[in-house]
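Subject: Structure handover

Hello,

Here is the structure you asked about.

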Amino acid sequence: MNPFQSPDLVLPGVLSDWLADDNLWVPNSATVSFKPIILSTSQGYFVILLRVRQNGILHRHRHAGPVHALVLRGSWRYLEHDWIAEEGSYIYEPPGDVHTLVVPDGVPEMITWFHNTGGYTYLDADGRPAGVEDVFTKLEAAEKHYVTIGL
């Protein structure tokens, strides 16, 4: 291995055993949580599994960088687009896109793999910034949760 190269990372069971361990899900709310896969502070990106156990609107946001996603369970859509991301769908979101994530009625659980480059800005109803999410806020939330549960 090159001494200047980062080591490989292999996480067995990410799409099976890993999904079952509720302790590893970092809560955003009572019904929304994420599991970090990679939180790269040196390169400004994060890869997570997002789990939603509710129907309805989650949040409106704008991405600073590209996003890649793969739906593992359930389905979701954006109010601003006419497509539905269903199980097995791949989604690319370009930088600057503004959209509002919605989990449709009848979907008890949605899990999607997301690779976010940069961060995203939450927007209020008038389009004004209402918060920011990036690798650093994800890392802080994960660390706080894992310390709380003794990991």
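Which residue forms a salt bridge with Asp-126? Arg-128 does, and the closest N and O atoms of the pair are 3.3 Å apart. A salt bridge here is a side-chain nitrogen of Lys or Arg within 4 Å of a carboxyl oxygen of Asp or Glu.

First, the ground rules. This is a predicted model, in which local features need pLDDT of at least 70 and side-chain atom pairs count only at pLDDT 80 or more, while totals for chains, interfaces and linings use all residues. Residues are numbered from 1 along each chain as its sequence is written, and side-chain values use heavy atoms, with hydrogens and water left out.

Back to Asp-126. Asp-126 sits in the loop between β11 (120–123) and β12 (129–133). Strands (E, at least two residues) and helices (H or I, at least four) are DSSP runs, numbered from the N terminus. Asp-126 is exposed, at 58% relative accessible area. Arg-128 is partly exposed, at 49%. The cut-offs: buried is under 20%, exposed is over 50%, and partly exposed is in between (1.4 Å probe, protein chains only).

**Salt bridges**

The count comes to 5 salt bridges. Opposite charges on side chains can pair when the charged atoms come close.

One of the salt bridges joins the side chains of Asp-22 and Arg-51 (2.9 Å, N to O). Asp-22 lies in the loop between α1 (17–20) and β1 (26–27), and Arg-51 lies in strand β3 (residues 45–52), so this pair ties together parts that are 29 residues apart in sequence. Asp-22 is partly exposed, at 44% relative accessibility. Arg-51 is buried, at 7%.

Another salt bridge links the side chains of Glu-109 and Arg-53 (2.8 Å, N to O). Glu-109 is in the loop between β9 (98–103) and β10 (110–117), and Arg-53 is in the loop between β3 and β4 (56–63), so the pair ties together parts that are 56 residues apart in sequence. Glu-109 is buried, at 16% relative accessible area. Arg-53 is partly exposed, at 40%. Arg-53 and Glu-109 also belong to a salt-bridge network with Arg-73.

**Ser-40**

Where is Ser-40 found? Ser-40 is in strand β2 (residues 32–40). Ser-40 is buried, with a relative accessible area of 11%. Leaving out residues up to four places away in sequence, Ser-40 touches Tyr-45 and Val-135. Contact means heavy atoms within 4.5 Å.

Best wishes
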